[in-house]
Amino acid sequence: MGKKKHTLLLVDDDPDILYSLKLFLGRFYSEVITLSDPKKIMSTLSQSVVDLVLMDMNFRRGEQSGNEGLYWLKRINEVSPETVVVLMTAYSSVGLAVEGIKLGAYDFLLKPWDNDKLLVTIDGGIAQRKSKKQGEKFKKITTSLDIDGHRVIGTSKTFKEVVNMAEKVADTNANVLLLGENGTGKYVVAKMLHNLSSRRDKIFAHVDLGSLNGNLFESELFGYAKGAFTDAKEDSIGRFELADEGTLFLDEIGNLPIHLQTKLLAVLQNRKVVRLGESRERAIDVRIICATNMDLHAMVEQKEFRQDLLYRINTMEILVPPLRDRVDDIPLLATFFLERNKKKYQKGKLQFSPEAIEALKNYRWPGNVRELEHMVERAVILCDENEISESDLHFGPQRKKENLIASLNLEETERMLVEMALEKHQGNVTNAARDLGITRAALYRRMDKFKL
Ligand SMILES: Nc1ncnc2c1ncn2[C@@H]1O[C@H](COP(=O)(O)OP(=O)(O)OP(=O)(O)O)[C@@H](O)[C@H]1O
């Protein structure tokens, strides 16, 4: 398995923890830097591009207030707001960790950590870093909507309808179901709904239901009490409680197995959660936004999705259209991603040739905006001239199918098969993975590796 090209910074004063974390995370990420002294965080951030900081909250021996962690979190936010921070704590109370999240940490983990959860949290944080970066760096594109630092690009008629609809429902408590292929911008629209609502100052919590197995589902969503299971060393708050008074974004809801759908429905109906290992009900006030690339109505007919749950979550349905149905947005989005990468790779003069723009408009974009984003980044890296021509853009299988047999290079062939499967299934990762005979997680790893 290839390592993800991301740099992590681990900060903890316990050398054993640093060692074991580095050993484990080094198998998945290309660079893992360790620091036992938090005072070196600032100089490290100025020397390396760090995607995510995983930081202990208590440094001095015996220090249990967690204040030092919060202090360093604030400093990181000041000097490098796009860096994502995940807090780790062995001692501190849930309230302190929540305070960390309100101050801008992406998430927190309790020691001893669960390795699966650690990886899910890091990947989620890195995905968030990407949207943070685009918000902060490109304020000059005037054709876009500026939502609280997040850039939402799109002026086509079809995309404007999405924005209009989002503006209308944002400040109601209606549950919203976002439908659309992978990579169309469902997360971006969910964040926009939150930022336009009166809940904007509270937490926007994101859960990828596709990546939670049965055991993690309950502990993640509902939390648990100390002693509820072997690794439950401390009380832990679930996402529902975390998002209290805010918004909970349940991504990939179509992947939720039917028995977990029943549990979710019960919570949505009662608006109360019970932590694992407790009997006390806790009232929650959460606005629910769900997203899926699957046809939930067809799944209801096939008895794969509960009709009552669908009716509970789809008070408003918003379809985020595929990129091929909003061709007018392609040049805008491409220019936006070009500007971002010109700065990143110090290629200030780079522009698209008119032919390149035409080619971008004529392509069908099975991976939607995410594919465009990655394609532009790749072109910026590879282009040695001042102009990106059509040949610098590496289009997917539409154009490559005929060359499949011509190349026997294993990596190229693998990439083409992945692209073909995604195109065949219109970007539906679950179906593409099934067709390729691999798991969704394995497909996501390959999409990441090939920047698809
Ligand atoms: N309108 C937009 N303006 C700017 N960036 C966008 C827009 N739509 C999508 N993106 C970018 O494209 C990428 C994919 O978007 P996003 O994650 O929101 O898609 P998604 O539909 O939630 O994908 P998935 O179904 O795979 O979870 C992100 O990096 C996002 O920032």
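Hi everyone, let me start with a pair of helices: α6 and α7 cross in a right-handed way. Right-handed here means that the near helix is turned clockwise from the far one by less than a right angle, and left-handed means anticlockwise. Helices (H or I, at least four residues) and strands (E, at least two) are DSSP runs, numbered from the N terminus.

Before going on, please keep in mind that this is a predicted model, where local features need pLDDT of at least 70, side-chain atom pairs count only at pLDDT 80 or more, and totals for chains, interfaces and linings use all residues. Residues are numbered from 1 along each chain as its sequence is written, and side-chain values use heavy atoms, leaving out hydrogens and water.

Back to our pair. The axes of α6 (residues 157–170) and α7 come within 9 Å and cross at roughly 35°. Those axes are lines fitted to C-alpha atoms, for helices over the stretch in contact, with angles from 0 to 180 degrees between N-to-C directions. On the α6 side, the contact is made by Val162, Val163, Ala166, Val169 and Ala170, and α7 brings Val189, Met192 and Leu193; contact means heavy atoms within 4.5 Å. By class, that contact has eight nonpolar residues, no polar and no charged ones.

Now, the ligand. Which residues come nearest to the ligand? Of the 18 around it, they are Ile153, Asn182, Lys186, Arg370 and Glu373, where "around" asks for a heavy atom within 4 Å. A backbone N or O atom of Ile153 lies 2.8 Å from a ligand nitrogen. For Gly183, a backbone N or O atom is 3.0 Å from a ligand oxygen. Taken alone the ligand exposes 630 Å², and the protein buries 93% of that, by the Shrake-Rupley method with a 1.4 Å probe. Our α7 (186–195) returns here: along with β7 (150–152) and α15 (368–382), α7 gives two or more residues to the shell. That shell has seven nonpolar, five polar and six charged residues.

Last stop: α17 (residues 410–424) and α19 (residues 440–449), whose axes come within 11 Å and cross at roughly 115°. Their crossing is left-handed.

Definitions and conventions:
A polar contact is a pair of N or O atoms within 3.5 Å; within protein, one must be able to donate a hydrogen and the other to accept it, and residues adjacent in sequence count only if both atoms are side-chain atoms. Ala, Val, Leu, Ile, Met, Phe, Trp, Tyr, Cys and Pro count as nonpolar, Asp, Glu, Lys and Arg as charged, and the others, Gly among them, as polar.
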